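Please read it with the structure open.

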Amino acid sequence: MGELGTMGGTRDFLPDEMIRREYVIDTLKAIFRKYGFEPLETPAIERWETLAGKYGEEGEKLIYHVVSSGSLDTLRPGERTEHALRYDLTVPLARVAGMYGDQMVSDPADPKKQTRRLPRPFKRYQIQPVWRGDRPGEGRYREFHQCDADVVGSTSPMVETELIALTVEAFKALGFADFTVKINHRQLLKGLIERAGIAPAKEATVLTSIDKLDKLPPEKVRLELADKGLSADQVDILFQLIALEGTSGQVLEGARSLLSASEAAQRGIGELAKLLNYLEALGVDSAHYRIDLALARGLDYYTGTIFETVTAAKVGSVGAGGRYDRLIYDLSGGKADQPACGTSFGLDRILAAMDQLGLFARLRRAGEVLVLHFGDPGVSQACFELVRGLREAGVRAELGYHEEPFTPNGMRQQLGYANEKGFAYAVIVGPDEMAQGQAALRDLTTRRQEKIPLATAGSLIVGRLRP
């Protein structure tokens, strides 16, 4: 047998880490539902043609491409089929919307009444793993989870407003104090490309380079653009806009002046101005969002507003999204045409940021109370009743296990287990305590122990845990 291990860029998640992961996921799910989003899941493997050509020149190289020849039941000998592991959750959503968006089904309450299988607009959230053939490194994995919320079927800027409001609320709920949602618009960037005299065919590759400004110094990005064939004057024009500073409103006014000749840019600037007004009207904390003209989001399918979230932690962006009004049309071959906009939370980067910033310090493991069991038939019933009562009250309670027959070491083993799992309390009900109608309650944080009435032990513990 070979050495045990996982494939590079993949990981096992042991209980300590799973508790943290589920805490973040549960927090996000609660906020998604609060904003009216419904759950969706899609297969891990998609048709190759579904994913190909959707992620730009950099992303295309990272798709896990699977070629099968004659080994699947659906194939005849010698036939080949091409598939790919899911790269993100956005393209699969577009496929779902194209397949089911206009399907009509009978209303169970009234069979004569037909309703759409997917409501319009369709608001969905999805939390599943995705795969990318990236080089493994610090904070970079080949398999990782995305947590997405998207709206299909509406062109209203209220969609972007709600997604940014949702993002701000989510990061506050997770304990982040210093974070920013950076916002830009692809039509504004298109106008910038036009003003610089760059050929439309080079737009995608130029934006891919600009998008690296949060990772690379400006000088290196300038050199990369020069290597792609841009003149010094063209690069200067690009950076003239990117260098605009001030409040979000001031930056937009500067862009409006510089790109006055571009109809596309003026449309994008107008939509961003409206978005800022809506965010203010909705009461979203302006300390946590701003216009950033260096934000490009290199994916090819974005058509309008784009946004990305960064924190004080040195882990890169922890979430991103934008509007992609043509993707469903392209995927369906023109059979379905629905606008869409969404946001994605990078679970692994959020976890890394929270760990770096000490935001898990108060998060306990699963256990709250351990009731020690001594193997004495005379006290077993009392222990079982106490555990049952605590669970019925919503307390995470466990019954201590021991090897039979019970030995004095059994108590040390159970207390050791309670300390390992970070229980708040241990309850000791032995023959002596039972005879006195009492229980010993040990606070495992302070190490203090006290006697409490056995008859009211459950309610007393619940009161301390749920004050």
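1. Is Tyr64 buried, partly exposed or exposed? Tyr64 counts as partly exposed because its relative accessibility is 23%, where buried means under 20% relative accessible area, exposed over 50%, and partly exposed in between, with a 1.4 Å probe and protein chains only. Tyr64 lies in the loop between helix 3 (56–60) and strand 3 (65–69); helices (H or I, at least four residues) and strands (E, at least two) are DSSP runs numbered from the N terminus.

2. On the basis of the note: this is a predicted model, in which local features need pLDDT of at least 70 and side-chain atom pairs count only at pLDDT 80 or more, while totals for chains, interfaces and linings use all residues. Residues are numbered from 1 along each chain as its sequence is written, and side-chain values use heavy atoms, with hydrogens and water left out.

3. On the surroundings of Tyr64: not counting residues up to four places away in sequence, Tyr64 touches Met7, His83, Ala84, Leu85, Trp131, Arg132, Gly133 and Arg142, contact meaning heavy atoms within 4.5 Å. The C-alpha atoms of Tyr64 and Leu454, which are 390 residues apart along the chain, are separated by 60 Å.

4. On Ile63: this residue is also placed in the loop between helix 3 and strand 3, and Ile63 counts as buried because its relative accessibility is 8%. Leaving aside neighbours within four places in sequence, Ile63 is in contact with Trp48, Leu51, Tyr55, Ala84, Leu85 and Tyr87. Ile63 and Val235, 172 residues apart in sequence, lie 31 Å apart from C-alpha to C-alpha.

5. On Asp134: the residue lies in the loop between strand 7 (122–131) and strand 8, the latter spanning 143–152, and it counts as buried because its relative accessibility is 17%. With neighbours within four places in sequence left aside, Asp134 is in contact with Leu62, Arg140 and Arg142; Arg142 is also among the residues that Tyr64 touches.

6. On the chain as a whole: there are 17 helices and 18 strands, and the C-alpha atoms fill a box of roughly 90 × 65 × 60 Å taken along the principal axes. Buried residues make up 48% of the 467 residues, and of the contacts between residues at least 6 apart in sequence, 66% join residues at least 24 apart. The chain has 59 positive and 64 negative side chains, and the centres of the two sets lie 1 Å apart; Lys and Arg count as positive and Asp and Glu as negative, with His and the chain ends not counted, and the charge is placed at NZ of Lys, CZ of Arg, CG of Asp or CD of Glu.

7. On helix 13 (residues 347–356): its buried residues are Leu347, Asp348, Ile350, Leu351, Ala353 and Met354, and these pack against helix 1 (15–34), strand 8, helix 5, strand 11 and strand 13. Helix 13 is followed by Gly358, whose phi is positive, near 70°. Further on, Arg362 is found in the loop between helix 13 and strand 14 (369–372), and Arg362 counts as exposed because its relative accessibility is 83%.

8. On backbone geometry to check: most residues other than glycine have a negative phi, and most peptide bonds are trans. Arg447, although not a glycine, has a positive phi of about 70°; Arg447 lies in the loop between strand 17 (438–443) and strand 18 (449–453) and counts as exposed because its relative accessibility is 52%. A cis peptide bond, with omega about 0°, joins Arg120 and Pro121, and Pro121 is found in the loop between strand 6 (110–116) and strand 7.
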